[in-house]
Amino acid sequence: MSVSTATKDSHYRLSKKVAQLTKVIVQLNTANEKLNSVSEKYTAYKEKIRDDCAAEIKAIIEESNDKVELLQKEHKAKVCFLQEIISKSEAKEKDAREQLEGAR
């Protein structure tokens, strides 16, 4: 085999390896792009779920706060009503004692 034939053979093998490596690089880049696309979709999906949950939690908190406020108003009204009843009862009791002492 002459030097020229050996050089051509080496050049051919080297070119073939370069072509194989180029093909592998293209496949890896394609796979990486697909992975990035899936990753971006997954990230967007997670963000949507997070935002949806945050909105739902906010709505629940607002609803709970409204209910607590309503219950506090009802409680305050009942306390006022009972205080009024107690005041009237104490006034009646005082009047009854005065009448009782006046009758003696």
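## Asp 51 and its partner

Let's start with Asp 51, which counts as partly exposed at 44% relative accessibility. Here, buried means under 20% relative accessible area, exposed means over 50%, and partly exposed is anything in between, using a 1.4 Å probe and protein chains only. Asp 51 forms a salt bridge with Arg 50, and their closest N and O atoms are 3.4 Å apart. A salt bridge here is a side-chain nitrogen of Lys or Arg within 4 Å of a carboxyl oxygen of Asp or Glu. Arg 50 is exposed, with a relative accessible area of 51%.

This is a predicted model, where local features need pLDDT of at least 70 and side-chain atom pairs count only at pLDDT 80 or more, while totals for chains, interfaces and linings use all residues. Residues are numbered from 1 along each chain as its sequence is written, and side-chain values use heavy atoms, with hydrogens and water left out.

Side chains of opposite charge can pair when their charged atoms come close.

One of the bridges joins Lys 48 to Asp 52, with the closest N and O atoms 2.8 Å apart. Both residues sit in helix α1 (residues 3-103), four residues apart, or about one turn of the helix. Helices are DSSP runs (H or I, at least four residues), as are strands (E, at least two), and they are numbered from the N terminus. Asp 52 is partly exposed, at 41% relative accessible area.

Another bridge links Arg 97 with Glu 93, and here the closest N and O atoms are 2.7 Å apart. These two also lie in helix α1, four residues apart, about one turn. Arg 97 is exposed at 52%, whereas Glu 93 is partly exposed at 40%.

## Cysteines

Cys 53 is partly exposed at 38% relative accessibility, and Cys 80 is partly exposed at 41%.

## A nonpolar patch

Which residues form a nonpolar patch on the surface? They are Tyr 42, Tyr 45 and Ile 49, with about 330 Å² of accessible area together. Patches are made of residues with over 30% relative accessible area and no salt bridge, joining like charges within 9 Å and nonpolar side chains (Val, Leu, Ile, Met, Phe, Trp, Tyr) within 5 Å. Ile 49 lies in helix α1 and is partly exposed, at 36% relative accessibility.

Conventions. Areas by Shrake-Rupley, 256 points an atom, 1.4 Å probe, with all protein chains shown as cover.
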